[in-house]
Amino acid sequence: MGIEIIDPKAIALREKKRTVVMNTRKLHAWVHYYPYPGDHDELHCHNEDQVFTCFECECAMRFPDGGSAVLKPGMAALIPGGSFYQLVNSGDGPMIMMGHRSGSQDNVMIIDYVTRQDVRKSGGPRLRRGAAAEQKPA
């Protein structure tokens, strides 16, 4: 396998959805695109460590204890496997982030906070529209 070079922002702006951009047996990476302020996923965790890097807008990361952290462009966050979190577009435009996780995409578990069940078979924590997006066309 050769070296892969990508432009995460260009991919996000072209695809306008979560897109897997790299996948090997030891690592996979994807680009997140949350178009509207308030867009979010559900509180969940994964079975492997991961790193998020913010490229555009800002992302509020919310945690079950009520805590939160904000990623601005150029900032990164490490989330150890088993740590529950939620991503929210807390900026005023489209949020673009890239995530990397150890292991292959094929072995990912997505554990819902409420049920503690792997929801991967049903598509995992899907993007939810924020209040501001409900007034805009999809």
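## Helix H1 and its buried face

Start with helix H1, residues 8–15, where Pro8, Ile11 and Ala12 are buried. "Buried" here means under 20% relative accessible area, with exposed over 50% and partly exposed in between, using a 1.4 Å probe and protein chains only. Helices (H or I, at least four residues) and strands (E, at least two) are DSSP runs, numbered from the N terminus. Looking down the axis of H1, the buried residues fall within an arc of 100°, so they line one face of the helix; that arc is taken from the directions from the helix axis to the C-beta atoms.

Strands E1 (19–23), E2 (27–34), E4 (50–56) and E9 (95–102) are among what covers those buried residues. Just after H1 comes Lys16, with a positive phi of about 55°.

## What you're looking at

This is a predicted model: local features need pLDDT of at least 70 and side-chain atom pairs count only at pLDDT 80 or more, while totals for chains, interfaces and linings use all residues. Residues are numbered from 1 along each chain as its sequence is written, and side-chain values use heavy atoms, leaving out hydrogens and water.

## Two nonpolar cores

A nonpolar core is a set of buried Ala, Val, Leu, Ile, Met, Phe, Trp, Tyr and Cys residues joined through side-chain atoms within 4.5 Å. The largest one has 14 residues, and Phe52, Cys59, Met61, Leu71, Leu87, Met95 and Met97 touch the most other members. At least two residues of this core come from each of E2, E4, E5 (59–62), E7 (76–79) and E9. A second, separate core of 9 residues includes Ile11, Ala12, Val31 and Tyr33.

## Met97 and Leu87 up close

Met97 sits in strand E9 and is buried, at a relative accessible area of 0%. Skipping residues up to four places away in sequence, Met97 touches Trp30, Val31, His32, Phe52, Thr53, Cys54, Phe55, Cys59, Leu71 and Leu87; contact means heavy atoms within 4.5 Å.

Leu87, leaving aside neighbours within four places in sequence, has contacts that include His32, Tyr34, Asp39, Phe52, Cys59, Met61 and Met97.

## Cysteines

How many disulfides does a search of the whole structure find? It finds 0, a disulfide being a pair of cysteine sulfur atoms within 2.5 Å. For Cys45, the closest cysteine sulfur is in Cys59, 17 Å away and too far for a bond. Cys45 counts as buried, at 5% relative accessibility.

Cys57 is in no disulfide either, and its nearest cysteine sulfur, that of Cys54, is 7.3 Å away. Cys57 is buried too, with a relative accessible area of 16%.
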